[in-house]
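Have a look at the protein shown here. Let's ask how we can tell what we say about it.

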Amino acid sequence: KDASTDLARFYPGTCLETGYDILFFWVARMVMLGIELTDVSPFKVIYLHGLVRAADGTKMSKTKGNVVDPLDTVSEYGADSLRYSLVTGVTPGQDIPLNMDKIAANKAFANKLWNCCKFVTGNALKDIDEEELKSLGVSGPIGKEEFDTLALPERYIISKCHELVESVTEDIEKYQLGAAGSKIYEFLWDQYADWYIEISKTRLYEGFGGGGEEAKTARRVLVYILDTSMRLLHPYMPYVTEQLWHHLPRVPKTEEMAAHSLMLADWPQMDDTRLVQDKDAIASFEVFQALTRSIRNARSEYNVEQGKKIAATVVAPGELKDMIETEINSLIMLAKLDPDQVSVVEAGSDEAKAAAAGDSAQLVVQEGVEAYLPMAGLVDIEKEKQRLEKQSAKLAKEIEKLAGRLQSKGFVDKAPPAVVDKAKAELAELEDQASKVDASLKALE
């Protein structure tokens with residue numbers, strides 16, 4: 001056939017994506033007709049997705065009144081939110097219930113992505129010189145030489161990003177589109193936004209002990225991770241990623257580029273070459289994350305005021321102690337600790353024994369890491385006693401009232417069994433609450 005024709009250019013294709021309901025009505029006929037006329041099958045892969053159904057799983061019908069107009073949905077939530085919800089909702093062999101709550105959640109994800117980009121461009125890159133701004137354009141993966149010079153949080157987030165690139169690439173090649181999209185969501189929200197952006201503030205701002213070369217490195221990593229993530233997310237959310245990508249530093253357009261567009265940018269992994277990763281950095285930083293979460297949970301359990309900074313003694317062995325000391329500014333900021341009352345000591349040392357012997361809340365983290373939070377800093381003991389005594393009196397009054405009701409023959413004999421059972425369950429719950437309050441009071445005495 002003539003190589004210059006549209007037939008030569010577009011036939012055969014590689015993959016046909018369609019609903020399973022027309023496999024025999026349409027797809028089989030396409031294959032038979034293509035082979036009959038050209039001796040070549042029109043595609044090698046048939047990707048069958050499920051049917052889009054109403055939120056309760058029933059088929060959409062005008063008679064039932066459960067039809068969702070996609071134009072109305074796009075108008076309210078955005079095209080990217082709808083597209084991402086449909087693609088990540090795909091499970092091979094199953095239909096897709098169109099849940100508006102899920103679409104609303106994915107609209108929030110798009111907004112989160114916008115906020116990440118706003119922080120990077122409006123804060124991290126604010127007022128930097130033109131030369132540095134040009135150097136931040138991402139032209140390829142970070143190599144081992146540069147990677148080995150970075151601090152732990154930077155090596156962690158790059159390692160997790162490179163793991164994500166390899167995992168998403170493999171999933172897409174295997175047509176596991178839903179799984180790949182969900183992994184990008186989890187990485188951007190749980191790792192990049194919640195952890196690295198927050199830690200980067202200790203590098204960017206002099207008030208947190210940052211500035212200088214640390215700030216330059218943080219800007220490089222912030223842009224690199226966001227750029228790479230948007231390349232991965234672009235097939236799922238093309239509009240918002242394209243728009244945001246144009247606000248990031250980019251390499252200059254070359255003559256080979258048809259347009260300076262994210263849609264035409266290189267995929268983060270163009271061949272089978274492994275992207276640089278550090279499993280030890282991931283393991284070490286996960287200990288740091290666990291320590292931070294433990295302190296945050298303790299603050300919540302003891303009802304520490306949100307803005308109050310507390311004291312802490314962290315006990316850790318060897319290299320983990322060195323790691324925590326290096327990232328002490330990050331721990332102080334993330335866990336809201338008092339910088340003048342924070343110390344990191346060697347496990348088994350006299351300082352560690354002294355911390356354990358004091359009146360402190362002990363937090364056992366992992367890998368031999370512990371934290372001791374002095375009780376005096378967590379709660380005002382007299383104030384907390386008064387609060388618990390007041391709560392105990394209130395619970396006692398409610399228990400007395402409900403117990404008296406259950407002891408009344410008129411209620412037990414006449415009320416429906418379900419009502420009686422509910423009252424008994426409420427009484428058990430109140431008694432459980434009262435026992436916990438009493439235990440807390442005894443602990444304060």
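Here are some questions and answers about this predicted model.

Q: What makes the protein more spread out than a compact globule?
A: Start with its parts: the protein has 19 helices and eight strands. Its radius of gyration is 29 Å, well over the 22 Å that the globule rule gives for 445 residues, so the protein is more spread out than a compact globule.

Q: Why is Arg 203 called buried?
A: Buried means under 20% relative accessible area. Arg 203 has a relative accessible area of 5%, so it counts as buried.

Q: Where does Arg 203 lie, and which residues is it in contact with, leaving aside its neighbours within four places in sequence?
A: Arg 203 lies in helix H9. With those neighbours left aside, its contacts include Ala 151, Pro 153, Glu 154, Glu 214, Glu 327 and Ser 330. Now find Phe 411: this residue is 208 residues from Arg 203 along the chain, and their C-alpha atoms are separated by 66 Å.

Q: What makes strand E5 mostly covered?
A: E5 covers residues 310-316, and seven of its seven residues are buried. Ile 310, Ala 312, Val 314 and Ala 316 point one way, while Ala 311, Thr 313 and Val 315 point the other way. Both sets are buried.

Q: Which strands pair with E5, and in which sense, parallel or antiparallel?
A: Strand E6 (residues 337-346) pairs with E5 in the parallel sense over six bridges. Strand E8 (residues 370-374) pairs with E5 in the antiparallel sense over three bridges.

Q: Which residues of helix H4 are buried, and what do they pack against?
A: In H4 (residues 79-88), the buried residues are Asp 80, Ser 81, Leu 82, Tyr 84, Ser 85 and Thr 88. They pack against helices H3, H5, H9, H10 and H11.

Q: How many of the protein's side chains are positive, and how many negative?
A: There are 52 positive and 72 negative side chains, and the centres of the two sets lie 7 Å apart.

Key
Residues numbered from 1 in each chain as written. Predicted model: local features only at pLDDT ≥ 70, side-chain atom pairs only at ≥ 80, totals over all residues. Heavy atoms only, no water. Buried < 20%, exposed > 50% of the residue type's maximum accessible area, 1.4 Å probe, protein only. Helix = DSSP H or I, 4+ residues; strand = E, 2+ residues; numbered from the N terminus. Contact = heavy atoms within 4.5 Å. Rg over C-alpha atoms; globule rule 2.2 N^0.38 Å. Lys, Arg positive; Asp, Glu negative; His and termini not counted. Charge placed at Lys NZ, Arg CZ, Asp CG, Glu CD. Pairing = 2+ DSSP bridges.
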